[in-house]
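Hello,

Here is the structure I promised to pass on. My notes follow below it.

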Amino acid sequence: MRIIFFLTFLFVTNSVPGQDQDSLLQELEQTLEKKEFFIKKKHQRISLLQQKLDRYRLQRQKDSLFQINMSLSEEYQSFKYDSAYLFLERAKANALQLKDSLSLSRAKIKEGFILLSSGLFKEALDTLNSIDYSLLSHHDKFRYNFVKARSFYDLADYTKDPRFGLDYTRKGNQYIEEALKFTDPNSSYYWATESLRRMKHQDWKGAKFAFTYWINNFDLTPEFYGVATSSLGYLYSETGYTDQAINYLAMAAIADVKNATMENVALRNLANELYKNGDLEKANKFIRIAMNDATFYNARHRKLEISSILPIIEGAQLIKIEKQNNTLGIIAILLGILTLVVLVFIGIIYKQLKNRNRSRRALTDYNHKLQELNASLQEADAVKQEYIRYFLSATSDLIKKIDKIQKITTQKLLAKKPEDVLKNLKKYSVKKEREALFREFDEVFLKLFPDFKQEFYALFPEEQQKEVRKGDLLNTELRVFALYRLGIQDSNQIAEFLNLSVATIYTYKTRAKSRSNSRENFEERVMEIKA
């Protein structure tokens, strides 16, 4: 027999919830979001009973009126105290009209339970004491003793005074033992009562077994399932198993919400466990909902119990929020400092990039200037080489001519023929020689600057462009600025080369500049003509 009991104990005590804590709490929050839906279902059930009540009133079915008022009181007993008590008073009135002492006693037992649920313990005990115990049936005696035991247990929990609490608990134990005598050991009522008895005797291990056995072996109503799981949560909390306590209390709270049970302890105890576990946000949320439920039901003792916990949880939540705000403030300051540092670095980098870009632009400008200088040097070198060749050729021709004149003149003088000397000198024309010199200069220059004429005339309006005489490569104006482009910008040198006066050279320059489209930078534009 002991072996069978031991195996049964192992089975039921290991039948723990299959869900993990996070999923249970998430399910609870989702169920709380649908709370109005479950309350609506509760009202629908009440509405159906109200319709029956109206029908029985019309039909004046007194026996049925008592039962329907008791059923309505049953629906309201864990939902709303005032309504539950109202229909119970009507049921008592029905029983008095029927002169049914047993029905009146049953109504008073239920009245005792409703009064203790609202925290009116003295009134509950007074009501129960007014019942003639000898008239009760076997099952009614069970209910009477169970409710009386609950009254003393709840009174002990409410007073929290060891001087009175112990006495109340002992009285509760006496009535719970008496209640067990009037119920079948194989019934759900028996295990509900036995579980409570073991818990109040602080037989934690036995109580865990009893409540778990009750859950696993009977088809419990949502209300009883909520009581069983809530009690297991309390037991695990008392024995230091916080995670299991939270799991069972969450299950109980889910059952309470689905059953629209407003007179509950599961949500309050769950909030307390979460507070101890450091989950202040959920603890604060659940304790407020528990307070709203207790206020809705008008459970005086529950409101008082919650009021003792609510400020602590709210205070802890405020402290946590303040710490978070302080942390956020510190983070904001650090981010500000970091932003400032980043801005400083960005400024430094920007300055470096700016200097780098400036240096790059300077280097680019320098390279451009260098390229221009290199091009100028190449141009100058080409001009120099071409004009050196031209100078050597012209000088060589001049020397040959002088040599030829010298030889012929010497021969004629030795032969005493002076008239032939004069005749020979007349063969050489300075004008023709100068024209030949200019033509050779023009050829060499246009070889170096083939587009000079077109680009030079592009500086003037079309009507101001002068035509070059047929047979000539350049006219005098073009030669003046050809020499200028070659770098001979001294008017005296230009005048000497072209066999003109300095004033004439100035006149050519001034007139050309006045006719051009670029009067302000005419000389610069001439110098920009590429070779």
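**The cavity and its surroundings**

Lys-35, Ile-39, Ala-253, Asp-256, Val-257, Ala-260, Thr-261, Met-262, Asn-264, Leu-267 and Asp-293 line the largest cavity. A cavity here is a set of points on a 1 Å grid over the protein atoms alone where a 1.4 Å probe fits but cannot get out; lining residues have an atom within 4 Å of a point.

This is a predicted model: local features need pLDDT of at least 70, side-chain atom pairs count only at pLDDT 80 or more, and totals for chains, interfaces and linings use all residues. Residues are numbered from 1 along each chain as its sequence is written, and side-chain values use heavy atoms, with hydrogens and water left out.

The largest cavity holds about 70 Å³ of space. Volume is the space filled by probe spheres set on the points, which are joined across faces, edges and corners. Searching the whole structure gives one cavity of 30 Å³ or more.

Which helix gives the most to the lining? H13 does, with three residues. Helix H3 (35-59) and helix H13 (242-258) each supply at least two. Helices are DSSP runs (H or I, at least four residues), numbered from the N terminus.

**Helix packing**

The axes of H13 and helix H14 (residues 266-276) come within 8 Å and cross at roughly 150°. H13 is therefore roughly antiparallel to H14 (angles over 145 degrees count as such). Axes are lines fitted to C-alpha atoms, for helices over the stretch in contact, and angles run from 0 to 180 degrees between N-to-C directions.

Best wishes

How values were computed
On a 1 Å grid over the protein atoms alone, a cavity is a set of points where a 1.4 Å probe fits but cannot get out, and a pocket is an open set with protein on both sides within 12 Å along at least five of seven lines; lining residues have an atom within 4 Å of a point. Angles under 35 degrees count as roughly parallel, over 145 as roughly antiparallel, 65 to 115 as roughly perpendicular and the rest as oblique.
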